[in-house]
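Trainee: Please take a close look at the aromatic rings in this model. I would like one connected account of how they pair.

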Amino acid sequence: MTKCGKSCIALLAVLVIGLASCSTPPTTTTTAQPDVPTSAPVSASVAPDLVSAAPDAAAEPQPTHSETAMNDLLGRAEGLKTDANKFGLDIFLPEEYMATDSSFAALKEEYKAATAEGFDGIKASSVKAKLETMVADWESFIARGMPLAAAAAKEKTADARSKALDIGASLLESDRFAKAEELRVQADALLEKGDSVASIPAYRYSASAYDDTREKAMADKSRDKIRASGYAKYSDSYFKMAENKYAEEEAFWKSGNPDDLAAGAAVLGEANSFYDFVVSKGAEYLSFEGKDKAIAAQNAALAAKADANVPDDYSSASDIMAEALSSQGKGLYESAFPWFGDAAAAFGAACDATMILKSADEEAIAAAQEAIQASGTKASLAGFEDNVYIVEARRFMDLARTQHNDLLYSDSRVNASEVLNYSTLSDNFIVAEQARIDTETAERIAAEKALADPVMAGARVRMAWADNIDLKADYPSPYKRASTSMAAAEFAYQNKRYLPSKILAEDVSSILSDDFQSQAQSDRKAAEAAKARFSELAAARPSARSKAAAEAAMAAITEARSRMAWADENKIAADYPGEYKKATTAMGDSFFAYGGGTYPAAIDQAKLVSSTLSDDFQAKVLADRKAAQEASAKASAKDAAAAAARLAADKAAQESAAAAAAAARLAADKAAALLAANPPSVNIMVGPERFSPDGDGENDVLTFKIGTDQAANITDWKLEVFEMAVSESSQPKPTGQGQLFMGWDGKGKPPATISWNGLSPRNELVESATDYPFRFVATNALGKFTTVTGIVVVDVLVIKDGNNLKLKVPSIVFRADYADFVGLAPDTVVNNEKVVARIAQILNRYPNYKIKIQGHANSIAKISGLSQDKVQAEEVNELIPLSTGRANLVMAMLIKNDVDAKRLSVEGLGSSKPVVSFSDADNRWKNRRVEFVLEKSK
């Protein structure tokens, strides 16, 4: 029974005794013993006054009261007032409290006055009823105020709980939070039973637990931030004081009583003030370090003249730098540090963009140089090497080089383009002359073709005979000479070099003559001997293809080519057509032999060239020409006829020499093709480092820079980008290429750059925070190919979705069917943490947005085509809890990465919002994702 209840019983006892006293006959003296409750010193009695025994109808009895009973009433009233003050009821009912207290004070004065000259029971009777009323008033006041006090204590506890939740204490300090929750539930139970008095200290106990939990969570967050950012080294003494306070609090919590919990919260409050100081100072020092790095990046950008080459990029970086400096100037050091980091990255990007312009300018200058050289050569051949267009092209070429040296790459590219324009104008200028030359050449080629056609037809017939009788088996050497000459003849014929094709075809017919065919038939009996010889040659071939033999052959060819160059320079074909034809034929055979790996034959033919054009022969040529000059000076009119004859002979020799030169060129072309046996040389550069095609104007376009050897002779090329499925597994990430996502291909030399906006041919956008392997393959005319592989790193994409922003990330890998990373490969866990840290960094760039973290999952029931009931059961019992748990885990990680918990909320959507069909086995992994919806705060 409560104290108030016992007071009410006492009052009822007083009334009963009073009524009994009034009904007693006046001639009888009655004394009522006081009824004293065990829980309160309050009693009611009638004082033992004597009454006259003689009946007196005119006199009325006067009630009397003992001093003890009156003091009990007064004490009870004082006790009730104390209880009201103890629970602070004056705060909730201030006007009623003041009225009751004022009445009580006046009553006490009245009682004091009534007993000033000593206690008189009769006089005191006038105050007794008022005291009883006062006790009732105080009890009534407490009865109305106590529920209000209990409700206030509950509200205060709810506020403490809300503050703890706001900083994520339920996740960061789950055990302590659970304890506070348990105490709150107990307090709620007391209040529901109507025990307001007991519920108030229970609520206060719970509120202290929440306060302690909140302070502990705040301390944990601060400690994580200090350790992650290395702040402690800047304020070591304060950090140690904070750590001491942090350790001191543990004893208070273990004690568990309300006063100790409140004391623990206070101690943690002191620790947090120290931690806040460490964070503040650390952030300040880090921001200045970040400033130094940003300034260094800015200076590097200025040194590269990024402000002149990419003014928009440089201006954007300067704006970020200004924001960082503004934040630092306002003392917002934690905000300033990432801004400085972004500024450094932006200046670095501007510098990189400048380097890309530099590279593009270098390519433009190289192309311009190639064009002006080609145009200059054409103009020189036509006799217009100093035409006005070539002069202007050279002037712009000099200007482009000067601007490139001054780091003005955009201006330099403009002038390099002018070089191309004027080179084209020069080419057009000499078209008329070239047309005339081409007409004459076409007429000459037609005549040569008419001569070559019947010879080629005859050679083809003889080669068909050789193939039909399998001549190669018995006569490999003649067959090889004939087939090599035939192949060269066909090659020359296809390239409209008809005179060389005619000569080579004649060589085929000479080798495979009628006499040779007859001899071949008669020699069939010696086939076994020929096969044995062939085996010997085949056995000797490996040594012939040794490195030493190849080097010796190349040395001999180099010497022979040097002598051929002398012959061409000195026009030996005109005066010594026989020797020149012999040398050119041997030179061609040497090239063919070397290309076929027959190095001894290549050496022999090269030596034949060198012996034909020997030093003695060269000396003889000089002597002959000197003698001819002397003879010519002494010639007279009578020798005119002889001179005319020599002129005719010279012309014939020139024609023969031209044919020989054509054969030599054919041989050289064939040799060059054979020498191009190595795969093409290719290198690939990819930028930017973080590709984010989300339409914000930054890093939206990826560039593949393709570098090739000018002599690579590429005939086909192909560039492919692949998409790897992200799977839930405790095993390491799968290797391989994945499925083709995007591709390009072409013929001939590949372009210098290929740009990509991140979309596939099906208009699918690359996934956030996901790596995309790429492969580039280049093939040359001989089928040799080179493969270059690499990775395209896709950043977290921020996509505009109506008035909101959205981040969709399928690359956070969870344990299959769980909301954790337990058992995953270490590199997978590290990548998860890196991805979430990057997401946190991006989310903190939008401080005015609320963030809803949505978990999504794949439905096995939907994939398997099960009934709607099973689909719904899986959704409710498995997928929504799973996706919600994963979203909660990501939220906790974001809070640890300094994302404000007040901005975050979670939502598990299960499989209700897929991005691809569940039947798409190759792509449905994209449905298993975490999305972040950013809604601007109102």
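Mentor: What follows covers the ring pairs and then the charges over rings. The model is predicted, so local features need pLDDT of at least 70 and side-chain atom pairs count only at pLDDT 80 or more, while totals for chains, interfaces and linings use all residues. Residues are numbered from 1 along each chain as its sequence is written, and side-chain values use heavy atoms, with hydrogens and water left out.

Across the whole structure, a search finds 26 aromatic pairs. Rings of Phe, Tyr and Trp (its six-membered ring) pair if their centres lie within 6.5 Å; planes under 30 degrees apart count as stacked, over 60 as edge-to-face and the rest as tilted. F396 and Y422 are stacked, at 5.5 Å centre to centre with 20° between the planes. Because F396 belongs to helix 14 (residues 388-405) and Y422 to helix 15 (residues 409-429), this pair ties together parts 26 residues apart in sequence. Helices here are DSSP runs (H or I, at least four residues), numbered from the N terminus. F396 is buried, with a relative accessible area of 12%; buried means under 20% relative accessible area (1.4 Å probe, protein chains only).

Y475 and F516 have ring centres 5.5 Å apart and planes at 70°, so their pair is edge-to-face. Y475 lies in the loop between helix 17 (471-474) and helix 18 (476-494) and F516 in helix 20 (residues 514-522), so parts 41 residues apart in sequence are tied together. Both Y475 and F516 are buried.

Ring pairs also link F691, F704, F741, W744, W756, Y772 and F774 into a cluster.

A charge sits over a ring if NZ of Lys or CZ of Arg is within 6 Å of the ring centre and within 35 degrees of the ring normal. The charged end of K108 sits over the ring of F104, 4.6 Å from its centre, and that of R815 over the ring of Y818, 3.6 Å from its centre.

Key: Helix = DSSP H or I, 4+ residues; strand = E, 2+ residues; numbered from the N terminus. Buried < 20%, exposed > 50% of the residue type's maximum accessible area, 1.4 Å probe, protein only.
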